[in-house]
Amino acid sequence: MRIILKNGLIVDGTGAKGFRGSVAIEGEHITAIGDITERDKDVVIDVSNLVVVPGFIDTHSHSDLKILVDPYIQPKIRQGVTTEVLGQDGISMAPLPEQYISPWRKNLAGLDGDSDDIDWHYKTTDGYLKLMERQGVGLNQSYLVPHGNIRMEVLGLGNRQPTAEEIQKMCEITRREMEAGAYGLSTGLIYMPCAYSETNEIIELCKVVAEYDGVFVVHQRSEADTILPSMAEVIEIGRRSGVKIHFSHFKVCGRKNWKLIEPVLEFLEKAKAEGIRISFDQYPYVAGSTMLGVILPPWAHDGGTDMLLKRLEDPKQREKMIYDIEHGLPGWDDFVDFAGLDQIFVTSVKTAKNQDLVGKSLVEIGQIRGKDPYQATFDLLYEEENAVGMVDFYGKEEHVITFMTRPEQNVCTDGLLSGKPHPRVYGSFPRVLGHYVREKQALSLEDAIRKMTYQPASVFGFERRGALKTGYFADIVVFNPDTIIDKGTFVDPVQYPEGIEYVFINGEAVIQRGEYQHLLAGRVLRKPVQ
């Protein structure tokens with residue numbers, strides 16, 4: 001059977017100007033583009049008033065656990081995402097030695113959730129990817145090997161530096177996971193145990209990644225006060241390892257740091273002039289989202305979640321945490337300092353006891369519990385075993401546009417899927433097309449589509465994806481340019497966008513006339529090993 005998308009405005013993803021024409025799909029692939037002669041048995045879909053583009057690629061996704069519990073991932077597919085990059089921020093599902101399953105689940109829960117309904121004994125990236133392959137996936141899934149998981153396999157969860165022999169073991173694990181098909185290495189240098197690492201450790205791992213032409217995806221140590229030395233570290237890693245650098249959710253946090261935006265952009269220009277390959281992703285909102293535990297100073301997490309909970313039992317340790325939050329620590333991103341207790345909101349908890357706090361700021365939580373907001377927040381983290389999500393407000397729209405229009409930028413969601421999530425989970429890509437292209441005219445339609453498709457495919461090395469070309473996989477989105485928009489808000493984020501009419505994944509129509517079809521049409525993508 002051949003499907004023809006007839007007479008749409010074709011924007012092929014490369015940045016080339018859109019043109020009127022048709023697209024033919026047979027099996028998994030695009031077989032013709034342009035003027036197409038119809039056959040008797042063709043299924044013809046008239047898309048005359050619609051735009052036909054490649055499927056969107058979400059380069060920063062947190063569906064890692066969810067994909068095993070609910071493989072359809074509708075919030076992504078309904079906004080046109082056909083491929084996700086998992087394994088973000090240096091803490092994800094694999095590798096996972098069996099002796100660390102229990103503490104690692106607690107460490108991961110604030111970002112990706114937790115579940116007793118999956119088999120946690122898959123051990124390696126290959127085992128994790130095979131688990132997805134056996135079950136089936138709703139959209140294409142790729143993986144980055146997480147630095148924290150590698151470090152845990154060799155060093156455990158403590159705060160110490162590896163010996164030369166241990167670094168070599170970490171390199172061997174990185175090689176093993178790259179051989180299994182990982183597209184690169186991720187780290188989150190504000191998350192434990194990644195934050196305990198020194199620069200040289202990361203350089204050595206990145207040398208292995210560079211051998212496979214993989215990407216180093218980094219949540220850098222600071223996106224606030226010390227962002228310039230933080231960027232200098234990342235660029236030095238690229239310089240000394242030869243790896244491609246991709247900054248996660250690039251931004252500058254906090255009103256007092258907005259003056260650093262121009263120096264940050266100058267840093268990018270100088271590094272590129274030197275020949276260092278740099279890209280970054282961005283979600284189109286002025287607030288971020290992560291696990292609430294990041295508001296605590298790094299030492300509080302030493303040894304993992306179990307040790308954190310013991311420290312939260314000690315009033316003196318709590319007082320030390322408050323002192324460090326209010327006075328800061330060198331090189332630490334202090335979320336309370338740049339956002340404020342009144343601009344950090346709880347988005348998810350795992351128990352019924354604290355559901356009344358979801359959607360509330362840390363100040364409001366203190367009022368509800370009749371306590372100092374710090375103590376109420378510490379109680380919440382303790383009762384939920386650190387499995388608490390949050391949203392924090394840090395910027396302004398003109399800064400979103402500044403980074404969005406940079407040549408290094410591509411779009412992402414960075415969406416945490418639990419509880420009352422950030423609206424980016426449901427709307428990042430439609431928001432760019434509706435708000436920033438149609439309403440703000442901050443960038444052209446062709447450039448926006450390139451930043452959602454061909455650019456990320458090129459950076460990460462997804463073969464025959466990210467563009468409308470004959471022979472490419474038929475990952476295709478068809479949308480109405482006059483109506484496409486995100487609908488979710490920070491008050492009511494769980495709303496699907498408007499304007500997405502069709503989504504094809506590997507040639508299967510998973511959305512038809514705006515209706516989701518409940519198909520497992522995705523593939524687990526593995527980077528070919530040369």
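A polar contact is a pair of N or O atoms within 3.5 Å; within protein, one atom must be able to donate a hydrogen and the other to accept it, and residues adjacent in sequence count only if both atoms are side-chain atoms. Such a contact, of 2.5 Å, links the side chains of Thr 290 and Tyr 191.

The model is predicted: local features need pLDDT of at least 70 and side-chain atom pairs count only at pLDDT 80 or more, while totals for chains, interfaces and linings use all residues. Residues are numbered from 1 along each chain as its sequence is written, and side-chain values use heavy atoms, with hydrogens and water left out.

Thr 290 lies in strand β14 (residues 287–291), and Cys 206 lies in helix α7. Helices (H or I, at least four residues) and strands (E, at least two) are DSSP runs, numbered from the N terminus. Buried means under 20% relative accessible area, exposed over 50%, and partly exposed in between (1.4 Å probe, protein chains only).

| Residue | Relative accessible area |
|---|---|
| Thr 290 | 4% |
| Cys 206 | 0% |

Contact means heavy atoms within 4.5 Å. Beyond its neighbours within four places in sequence, Thr 290 is in contact with residues including Leu 111, Tyr 191, Phe 335 and Leu 416. With residues up to four places away in sequence not counted, Cys 206 touches Leu 185, Phe 216, Ile 237, Ser 241 and Val 243.

**Helices α7 and α8**

Helix α7 (residues 199–211) packs with helix α8 (residues 227–241) at an angle of about 45°, their axes being 9 Å apart. The pair is therefore oblique; angles under 35 degrees count as roughly parallel, over 145 as roughly antiparallel, 65 to 115 as roughly perpendicular and the rest as oblique. Axes are lines fitted to C-alpha atoms, for helices over the stretch in contact, and angles run from 0 to 180 degrees between N-to-C directions. Cys 206 is among the α7 residues that make the contact, and Ile 237 and Ser 241 are among those of α8.

**Helix α14**

Helix α14 (residues 373–383) is mostly covered, with eight of its eleven residues buried. Among these are Pro 373, Tyr 374, Phe 378 and Asp 379. The buried residues pack against α10 (305–312), α11 (315–327), α12 (335–339), β15 (344–348) and α13 (362–369). At the start of α14, a side-chain oxygen of Asp 372 comes within 2.9 Å of the backbone nitrogen of Tyr 374. Just after the helix, Glu 385 has a positive phi of about 55°.
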